[in-house]
Amino acid sequence: MGEAEAQIAFLQGERKGQENLKKDLVRRIKMLEYALKQERAKYHKLKYGTELNQGDMKPPNYDSDEGNETEIQPQQNSQLIWKQGRQLLRQ
């Protein structure tokens, strides 16, 4: 029994570590997305002289999981977003 309990504890520790890693990566992605939006708005204003309407430009809540749509979306939506992102980069 002791060996099985040790293995369970080890696996629970592994899972907790993976969850913490995921949370950290999601936080970093949100920070990068926010910085990219700011840079795009700055570039747009410099190039066209007008503000870029991006909706609400408030900083994201880095500790919450809200706004993490990529995990919920099916593969087709992910491909559509990828294409839209590439089109934005070409502009």
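I started with aspartate 24 and arginine 28: they sit four residues apart in helix 1, so about one helical turn separates them. Helices here are DSSP runs of H or I, at least four residues, numbered from the N terminus.

I noted that this is a predicted model, where local features need pLDDT of at least 70, side-chain atom pairs count only at pLDDT 80 or more, and totals for chains, interfaces and linings use all residues. Numbering runs from 1 along each chain as its sequence is written, and side-chain values use heavy atoms, with hydrogens and water left out.

Back to the pair: I found a salt bridge between aspartate 24 and arginine 28 at 2.9 Å, N to O (a side-chain nitrogen of Lys or Arg within 4 Å of a carboxyl oxygen of Asp or Glu). Aspartate 24 is partly exposed at 25% relative accessibility, and arginine 28 is partly exposed at 48% (buried is under 20% relative accessible area, exposed over 50%, partly exposed in between, with a 1.4 Å probe and protein chains only).

Next I checked lysine 45, which bridges to glutamate 51 with the closest N and O atoms 2.9 Å apart. Shared partners also link Asp24, Arg27 and Arg28 into one salt-bridge network.

Then the helix itself. Its buried residues are Val26, Lys30, Tyr34, Ala41 and His44. Just after helix 1, I saw glycine 49 with a positive phi of about 75 degrees.

Last, confidence: the average pLDDT (the predictor's confidence in each residue, from 0 to 100) is 80, and 64% of the residues score at least 70. Over residues 68-73 the pLDDT is below 50. Where pLDDT is low, the predicted coordinates should not be read in detail.

Note on methods:
Helix = DSSP H or I, 4+ residues; strand = E, 2+ residues; numbered from the N terminus. Contact = heavy atoms within 4.5 Å.
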